[in-house]
Each structure stands twice: as C-alpha cells, then as structure tokens.
Amino acid sequence: MGTHRGLSLLLALAALVACDRPPLDPGTGLQGGDDASPQWDYGPARDWDGTTGTATCGDYPIKSAQALTTDERVATILSGLSLGEKVEQMAGFTQGAEMFATPDNPKAGIRGFKFRDGPRGVRLEKGTATCFPVAVARGASWDPELERRVGEAIGKEVRGLGHNSLLAPTVNTLRHPGWGRAQETYGEDPWFLGIMGIASVKGIQSQVPACVKHFACNNIEDTRMTNNAVVDEQTLRENYTRQFEMIVKEADVACFMAAYNKVNNFYCCENPTLLRKLLKKEWQFDGFVVSDWFAAHTTVESALGGLDVEMPWRFFYDGLQLAVSGGQVPEEVIDEAVERILRIKFKFGQALLSEPYDGNPEVVESPAHIALAREAARSGMVLLKNEESVLPIDRKAVKKIAVIGKWAVEARLGDAGSSSVTPSYAITPYMGIKAVAGKDVEVVTSTDASSAAGADLTIVVAALTQQDEGEAWNGGGDRDTLDLSADQEKLINNAAQISEKVVVILEAGGPITMEKWKKSADAIVMAWYPGMEGGKAMGELLFGDFNFSGRLVQTWPVKWEDEPEFGNHQDQTEFLYLHGYRHFDDTKVAPLFPFGFGLSYTAFEVSNLVIPCEVVTPGGRLVVSVDVENTGDRKGIEVVQAYVGYPNTKVRRPVKELKGFARVELAPGVKKTVEIPIRIPDLAYFDKDKHKWVVEQVEHALYVGTNAAMLPLQGTFVVGPEGKVAP
Ligand code: BGC
C-alpha cells in the first residue's frame, strides 16, 4: 500500500512538471529542474513570467542589470561624443558611398557596422561564400537545431570575411503564396516562424549581431514601397508580429529592420506604434532599429518614431542635427538611439577599433559548411507524390535515366536580389544525380524530351526563375500565377508520353499548382532552391541513400482562387484575419497539399495520445506524449505535429493553430514515445479591447498527427487557475 501511494505521488509530481513550467531562476533566467525542455527551447531566455501561475502573457520581466558594465562603457563613450558625432553613428555614409556600413569614429575609438545580407549565406559584391538552401527549404526541415547550426555557420562566414553584422533572418508571414520573397521566410505560420527565427538568431548571434526583418507586414513585393497594410490589432499581433515578439523575448535579438511599406497609414520607419510602443516599450527590445535600404522618408518623424539607423546613406538623418538645434527632436532621442547602437557593439565585442577582428577566413566554404549546406538541402526537400513507390530508384532495376529540362543542367539557387549568394560552384540536378547513380546506371540529359526515349525513368526538373518570383528591384516581384510556365508543363506531359515512369522535381520558393500535369507524374519532389550542394542532395534522396523527411511549411492550394485575395496591385491592402491553413479550415476547401505534409519511403503510425493534466495554468506548460511507430522497412524521420483548437472561445479565433511538434528518427519496426511540449502562454489571443494577450480559461481541443489535415489523435484540456493532474 505504502509503495503504491509513493508511486502515485511520484507519478503525480512527474505529471505536474509536465503541466506547469517550473519557475525561472531570477538570477539566470534559466528554468530550474527542467529536464524535459522542448527541442526548440534554446538556452536562457527572457521568457514569460511563469512564476505566478496566473495569466501573465504579455507581462514580461524587464531585462536584468547583467549588462551593467556594458552600460557604463556606453555612458562613458556617449558623454564624450558631440551631437554631430552622435548623429554620425545613426546612419550610413554620405550619399554615393559604400552602402553596407556606418562610419567608424577614430577619435572615440568606435568601429562602425559592416552589414552583410542575408538569409541563405553571405552576399558579397566580390568573392564567394557557402550558398545554403533558401530559408523556406530550411523551414521545411522542421529542425530548429539545424537552423541554429546554419545561422552559426553564416555568422562565422560574416566574421571570416571581415564584416560584423548579418541582415537576417527574414520572418515575414507568408500571407499569400504569390509573395515574391516567399523563399526567404519559413512559411505561413507565425508561431513556427518564431521558433525557427529564434533558432536562427541564436546561431547567428553566437558570432555577430542578427537583424530580424522586415518589421512589419512586409508581405507584398510589387508595391512594397507604397503599400499601406490595413490591419486590425488582433490580426497584427497574432499573425504578423507574434514571431518578432517571440524573437525579442526569447533570442535577445540585436537589431530590427523596419520595412518599406506602411502599416495603418504610417511608414514602418516612422511608425511609433510599431517601433516605440510595441517593440521598444512593451517588448523591452534593447537593440537598435535600422531602416530597410532607402525605406526612410523623413527626418523628424523617423527619429521620434523610433528609427535608430538610416541606411544605406545619411540622407534624411543629415538633417538631424538641425532638427535638434531647432527643437523638433529632443537630444534625449538621439542619446537613446546612440546608446542602443553602442550597447550592441559592446555586447558583441566589436565596439572598439583597438579590438582586432578575430574572424577566421578559413571557414568560408569550408568542408564543414558545405556538408551542412548538403544536409540542410536533404532535410528540407519534400516528397509530395510517390505512386507505386517509383522512388527510391533501384540501382539494380533501372539502367538508364534521363534528367531533362533547362534546369537539369543549371543550378537554381534562388532570387538574384538582396538574398543572393555566389558560391564557387553549384551542383546541378544532372551532375548530382549522375554522381550518386554509380557506374551501373547510365544518366543522360537534354533540355527537351528527346533523351527520355529509351530511358527506364525520366526526371523532369522544372523551376521558377527570378523573373517569376523575387525581389522587386531585380526583374522579379510577386507571382501572377502559381502555375509552372506552359513550356515546362508541356515538357512534363510529353515525357509521360515517351517514358513509362516520370519523376518531377520542382525548384521554387513556394507552392506550384499542378492541375494540368499532376497525373503525368508518378512522383513529385519539392526541392525548393536547394543551395550549392542541391544536386547532390537530390541524388542522395532519389536513390534512397537518405530518406525524405521534409514537410511543407505552407498550404498548397489546388488553384489560385482558393486563396484569400492577395491585393498586390494596389496601394492599400486589407490584411484579413485568416490566411494559410487557418483560411482553408474556415472555407473548408480542400488544399492540394496541407500544411505540414510530406511523404517518406517508410510508413509511420501515431497512437496513444496522453494528456497528463486535466487542468493546466495559463502560465504553464503541457507536455503531451504520443507513440510513434515506424511500420515500414526503412529508417525514417516523422514530424509529429500538435494543433490546439478553441471550440469554447468567446472571440474570433482560427479553428486550430500549430503549437508544438517533435521530429523523431526511427529504425524500421521501432516504436517510441515522443513528448511534445505546449507552452500555454502561446495559446493566447490578442484582446483588442484590453490591448493585451489573453489565455482563455476554458476547455481547449488538442489535435495531434502528421499534417494539418491528418490529425487522428484528439483530446481536450482545460486552462484554469489551478493546474490539476489527470487521475
Ligand atoms: C531588402 C533587405 C536587404 C536590404 C539590403 C533591401 O532591398 O529588402 O532585405 O537586407 O535591401 O540589401
């Protein structure tokens, strides 16, 4: 009896740990006694205050005094600067000069910033660097730890090349799949964007300051310079700034880039609601805000609005000194901006000209970084269709393969805009597939379908170009269609006439509609823009040397009309509350492929959802578990996804939202119990009347499975004032 009671007590205690986040250590900000930390819970964080157990979302603790020495150093330097010198710190050089740096101040011994783009590696005017797969491909890995490693590698290359800050990551919500810069971000889900953005920033900031961009509602490319995003507060907070807020609070990011567009009538660079109220006051951001390049429009309004650094040149901020002497801008505003700038410089050990750079040029395109680029490419590719298991290719059965299409012999690395990276080489699909095929398989190529005749298998490589999608200044802009070009659709259909088996590989930054050719393809692979090692990664997956594990990070519609209106041809666009899977849940239109979807060469079964608590506190954490079994005959990775629904809500909310996931690798026949932590404050909605995040104290629904449309495991839990362990 005694043993029994002891055991129950132990179990109850264990469950309590699963239900309620342990208090934060006020000194370190670390969780005490927490050995069940989620995969994405990196290191010390300025987190929600989980100590009281009441609804505390939005009430975040102010940063501790740990930065005292830095503050003292900042104060000393600041007091020695003249107004002119302070203003000089707040912008790039004068017009016409270098576009990615701010000036040194040799008198004070202060170094300027040397910024570099961007999300898929270091962009250089001259020279080469490791070209990683684009961010959307890395998002599709659902592997934040991998993203942290990629961030760290890019950060090391920034330093190795003699620069000191990185203009990445991009975390804008993919509001519509037609967005021209879809490839630069991690997809449509704001919470997931936060998780991946946190990982990226942690990686980058192990080396150099990161600059998260583009704040905010930068979701349209064609009219990015003029568009006014009209967005209500709930929509803004939940769908367009949630990820930025998470990144400030959990990754202590150094820099924010204010976007080109307007939000609710104010340009982002002079938007006091975004920059002063949300970012600096409410979220306690202590880094600096830089304008996107040429995004500033004013002197006084920008300074008062919260813009700390104007880039690329000192244009509007040339008038700052006059604005101060004329009384339009208080000198305290200048001091605050310079304090922010200096604080980051000191924090990253690069403030002083007397401190030599310690970057290592050997890391640039090092074997380790190239291997990481290949790993990332493999991890992000998504198997969309695989009829009669045409893949993996059996080297013994298939003697001749044709790899066809223009893009079979040209590597597509992605946009040629600010995110472009030049590697010293890039492996094309044809080269990669041929290299991996081995000596017994003949691999031929042609741009048309001629080489498909006599081949056992035809692989069509179809892609989008920078004219189809990309940054507006490089011939790109938003997409007008989600279809492939007509000649590529024709090539696929022709290949199906000639060849018995057809595999289509897609290289693009987002969804492709396929009504006109899907039936012609036995297998379809989304390779995104897979980086310098992409061709090799493709080969390794197609031949089954590795298994597919990528999962979509956006909903793929059957047709353009299934999406909400894009509004990319007008200067004012209403940002509706629902987009992506939230919109498809609402309209009940079936997508072509749901969010979170991806096939594998093996099969998995998920079962036995355990919700360990009846009631969990609003500041708590619920660690649910599920059994995952590899029921196929190959090793593979499954991404188990947990969505929370709000059937008892009193307000406008989506049907469900992604709030947790776990990636698990299993050998054939193996079954494992995986834990998925759900942070209850993440379930908050933004109350537009109270102007704060609110966790509803009602019964919530939990849906667990393998994509947004395949959620066989369901349960409920109550959020209430007192956490209670299930009997
Ligand atoms: C882009 C930014 C980029 C900046 C500097 C702008 O056009 O929007 O993402 O960081 O240029 O290259």
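**View 1. Lysine 406 and tryptophan 407 in a predicted model.** The charged end of lysine 406 sits over the ring of tryptophan 407. From that charged end to the ring centre is 4.4 Å. The model is predicted, here and in every view below.

**View 2. Arginine 652 over tyrosine 577.** Here an arginine supplies the charge: the charged end of arginine 652 sits over the ring of tyrosine 577. The distance to the centre of that ring is 4.1 Å.

**View 3. Tryptophan 142 and phenylalanine 192, an aromatic pair.** The whole structure holds 24 aromatic pairs. In one of them, tryptophan 142 and phenylalanine 192 are tilted, with 4.6 Å centre to centre and 45° between the planes. Tryptophan 142 lies in the loop between α4 (135-139) and α5 (144-160), while phenylalanine 192 belongs to helix α6 (residues 190-205), so the pair ties together parts 50 residues apart in sequence. Both tryptophan 142 and phenylalanine 192 are buried.

**View 4. Tyrosine 581 and phenylalanine 595, a tilted pair.** The ring centres of tyrosine 581 and phenylalanine 595 are 4.8 Å apart and their planes meet at 45°, so this pair is tilted. Tyrosine 581 is in helix α17 (residues 580-587). Phenylalanine 595 is in the loop between α17 and β16 (604-610). The two residues are 14 apart, and their pair links distant parts of the chain. Tyrosine 581 has 3% relative accessibility, so it counts as buried. Phenylalanine 595 is buried too, with a relative accessible area of 0%.

**View 5. One aromatic cluster.** Trp142, Phe192, Tyr581 and Phe595 are among the members of one aromatic cluster. Trp191, Tyr643 and Phe661 also belong to this cluster.

View 6. Cysteine 131 counts as buried because its relative accessibility is 0%. Cysteine 211 is at 1% relative accessibility, so it counts as buried as well. A search of the whole structure for disulfides finds zero.

View 7. Several side chains place polar atoms by ligand oxygens. For tyrosine 260, a polar side-chain atom lies 2.9 Å from an oxygen atom of the ligand. For lysine 213, the distance from a polar side-chain atom to a ligand oxygen is 3.0 Å. For arginine 123, an N or O atom of the side chain is 3.3 Å from an oxygen atom of the ligand. The ligand taken alone exposes 310 Å², and the protein buries 97% of that area.

Note on methods
Residues numbered from 1 in each chain as written. Predicted model: local features only at pLDDT ≥ 70, side-chain atom pairs only at ≥ 80, totals over all residues. Heavy atoms only, no water. Disulfide = S-S within 2.5 Å. Buried < 20%, exposed > 50% of the residue type's maximum accessible area, 1.4 Å probe, protein only. Phe/Tyr/Trp six-rings, centres within 6.5 Å; stacked < 30°, edge-to-face > 60°. Helix = DSSP H or I, 4+ residues; strand = E, 2+ residues; numbered from the N terminus. Lys NZ or Arg CZ within 6 Å of the ring centre and 35° of its normal. Polar contact = N/O pair within 3.5 Å; in protein donor to acceptor, adjacent residues only side chain to side chain. Areas by Shrake-Rupley, 256 points an atom, 1.4 Å probe, with all protein chains shown as cover.
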